[in-house]
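Please look at the model below and follow the explanation with the sequence beside you. The text begins with a group of rings and then widens to the whole chain.

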Amino acid sequence: MARTVTLIRSSSLSDIAEYAYAATAPADSRLIFLAGACPLNDDGSTAAIGDYAGQAAKAVENMRTALAAAGASLQDVISTRVLVASTRREDLVTAWTVVRDSFADHDVPSTLMGVTVLGYEDQLVEIEAIAAVVDA
């Protein structure tokens, strides 16, 4: 399977952002739309209760599993949206740091949002993603 995502940067925009500002995939790529990856254990319980970093790590782990089931990896992700149940910027940054570090140099366009509440009991983090692959 060939890598298809091209990250785009602009010298006209600030370089302070820790992600590319845009990304493209070729017309013949297969898009994969992931449901929000939640920090759930195999038994359905919420992992790392009260721990933003721990929940972000579990959500990334679950996102990797969903991507693999669709024939993709983190390197095929074209964009993310990271939702954090908090009004404190520090909590958002804590979750974001885990997500950013998981992607390493594949710093896809991302949106980080503080939200009021997420769907599962004690849930603090959720990560939406879109990936693109070209099947061989």
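Tyr19, Tyr21 and Trp96 form one aromatic cluster. The model is predicted, so local features are given only where pLDDT is at least 70 and side-chain atom pairs only at pLDDT 80 or more, whereas totals for chains, interfaces and linings use all residues. Residues are numbered from 1 along each chain as its sequence is written, and side-chain values use heavy atoms, with hydrogens and water left out.

A pair of aromatic rings is described by the distance of the centres and the angle of the planes. Rings of Phe, Tyr and Trp (for Trp, its six-membered ring) count as a pair if their centres lie within 6.5 Å, and the pair is called stacked if the planes are under 30 degrees apart, edge-to-face if they are over 60, and tilted otherwise. A search of the whole structure with this rule finds two aromatic pairs. One of them joins tyrosine 19 and tyrosine 21, edge-to-face, at 6.0 Å centre to centre and with 70° between the planes. The other joins tyrosine 19 and tryptophan 96, also edge-to-face, at 6.1 Å centre to centre and with 90° between the planes. Because tyrosine 19 lies in the loop between β2 (6-8) and β3 (22-24) while tryptophan 96 belongs to helix α2, this pair ties together parts that are 77 residues apart in sequence.

How far is each of these residues covered by the protein? A residue is called buried under 20% relative accessible area, exposed over 50%, and partly exposed in between (1.4 Å probe, protein chains only). Tryptophan 96, with a relative accessible area of 10%, is therefore buried, whereas tyrosine 19 at 28% is partly exposed, and tyrosine 21 at 36% is partly exposed.

Valine 108 is buried because its relative accessibility is 3%. If contact means heavy atoms within 4.5 Å, and neighbours within four places in sequence are left aside, valine 108 is in contact with Leu7, Tyr19, Ala20, Val77, Ile78, Ser79, Thr80 and Phe103. Valine 108 and threonine 6 are 102 residues apart in sequence, yet their C-alpha atoms are 9.1 Å apart in space. Aspartate 107 is found in the loop between α2 and β6, and its 17% relative accessibility is the reason why it counts as buried. Leaving out residues up to four places away in sequence, aspartate 107 touches Leu7, Arg9, Glu18, Tyr19 and Ala20.

The view can now widen to the whole protein. Helices (H or I, at least four residues) and strands (E, at least two) are DSSP runs, numbered from the N terminus. The protein has two helices and seven strands, and along the sequence they follow the pattern β-β-β-β-α-β-α-β-β. Along its principal axes, the C-alpha trace spans about 40 × 35 × 20 Å. Of the 136 residues, 40% count as buried. Among contacts with a separation of 6 or more, 75% come from residues 24 or more positions apart.
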